[in-house]
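Trainee: I am new to this structure. Please show me how to read its features.

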Amino acid sequence: HVLRVRLRQHTLTEVKLVPTTPGASRIATRTDTEWLIERQIAFIAEVGMPDSPERVREFLPKRVARGDFRIWNDGGRVAFAGFNDAAPDFARVAPVYTLPDCRGRGYATALVAELSRELLARGKRKLFLTTDLANPIANAIYARIGYRAESDDCGFDFVAPAP
């Protein structure tokens, strides 16, 4: 076997104050669906997620219709974040993606903080998200917002033995 990925599970019950960022978030609409599909496919390719473009094309429009995505606009769409209701009291934040040429400007931090506040205000008692430990930027962003590490998981691939 070989180690494929080390993931960290985070939880949040209270959002910290984060710096103000230019732009604003909004709920994604049907007209954003193709943009979100293209960016989600780019995200899964960038991070090596075991997901397929076909599955994204099948399920993402349903999530947009439910209102499960927020988009950060700053002169155009620059980032997105989604969530899933895990139970009446819980939600999972995922995916989160910033366009590569727009990174480092605080968009993901502002967007996830705002989405997290919204979900808590709706009555969610605890939020969850998962990060790749190989991505120190994402881990730092979520810590600034108030997400705390709960547990780590490892993903392994089984490979043929060396001859």
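Mentor: A word on the model. It is predicted, so local features need pLDDT of at least 70 and side-chain atom pairs count only at pLDDT 80 or more, while totals for chains, interfaces and linings use all residues. Residues are numbered from 1 along each chain as its sequence is written, and side-chain values use heavy atoms, with hydrogens and water left out.

Trainee: What volume does the largest pocket have?

Mentor: Rolling a probe the size of a water molecule over the atoms shows where empty space is left. On a 1 Å grid over the protein atoms alone, a pocket is an open set of points where a 1.4 Å probe fits, with protein on both sides within 12 Å along at least five of seven lines. A volume is the space filled by probe spheres set on the points, which are joined across faces, edges and corners. Here the largest pocket has a volume of about 1300 Å³. Its lining has 44 residues, and Phe-43, Val-47, Met-49, Val-96 and Thr-130 are the closest to its centre. Lining residues have an atom within 4 Å of a point.

Trainee: Which element gives the largest share of that lining?

Mentor: Strand E5 (90–98) is among the elements that each supply at least two residues. E5 gives the largest share, 7 residues. Strands (E, at least two residues) and helices (H or I, at least four) are DSSP runs, numbered from the N terminus.

Trainee: How many residues does the largest nonpolar core have?

Mentor: A nonpolar core is a set of buried Ala, Val, Leu, Ile, Met, Phe, Trp, Tyr and Cys residues joined through side-chain atoms within 4.5 Å. Buried means under 20% relative accessible area, exposed over 50%, partly exposed in between (1.4 Å probe, protein chains only). The largest core here has 41 residues; Leu-36, Val-93 and Val-112 are among those with the most contacts inside it. Helix H3 gives the most to this core, with 8 residues. Leaving out residues up to four places away in sequence, Val-112 touches Ala-81, Val-93, Val-96, Tyr-142, Ile-145 and Tyr-147. Contact means heavy atoms within 4.5 Å.

Trainee: How many aromatic pairs does the structure hold?

Mentor: A pair of aromatic rings is described by the distance of the centres and the angle of the planes. Rings of Phe, Tyr and Trp (its six-membered ring) pair if their centres lie within 6.5 Å; planes under 30 degrees apart count as stacked, over 60 as edge-to-face and the rest as tilted. The structure holds 6 such pairs. Trp-35 and Phe-80 are edge-to-face, 6.1 Å centre to centre with 80° between the planes. Trp-35 sits in helix H1 and Phe-80 in strand E4, 45 residues apart. Both are buried.

Trainee: Why is the pair of Tyr-142 and Tyr-147 edge-to-face?

Mentor: The planes of Tyr-142 and Tyr-147 stand at 75°, with ring centres 6.1 Å apart, so the pair is edge-to-face. Tyr-142 is buried at 8% relative accessible area, and Tyr-147 is buried at 1%.

Trainee: Where is the cis peptide bond?

Mentor: Most peptide bonds are trans. The bond from Ala-94 to Pro-95 is cis, with omega near -10°. Pro-95 lies in strand E5.

Trainee: What does Arg-6 touch?

Mentor: Arg-6 is in strand E1. Its relative accessible area is 40%, so Arg-6 is partly exposed. Not counting residues up to four places away in sequence, Arg-6 touches Thr-131, Asp-132, Leu-133, Asp-152, Asp-153 and Cys-154. Arg-6 and Thr-131 are 125 residues apart along the chain, with C-alpha atoms separated by 8.5 Å.
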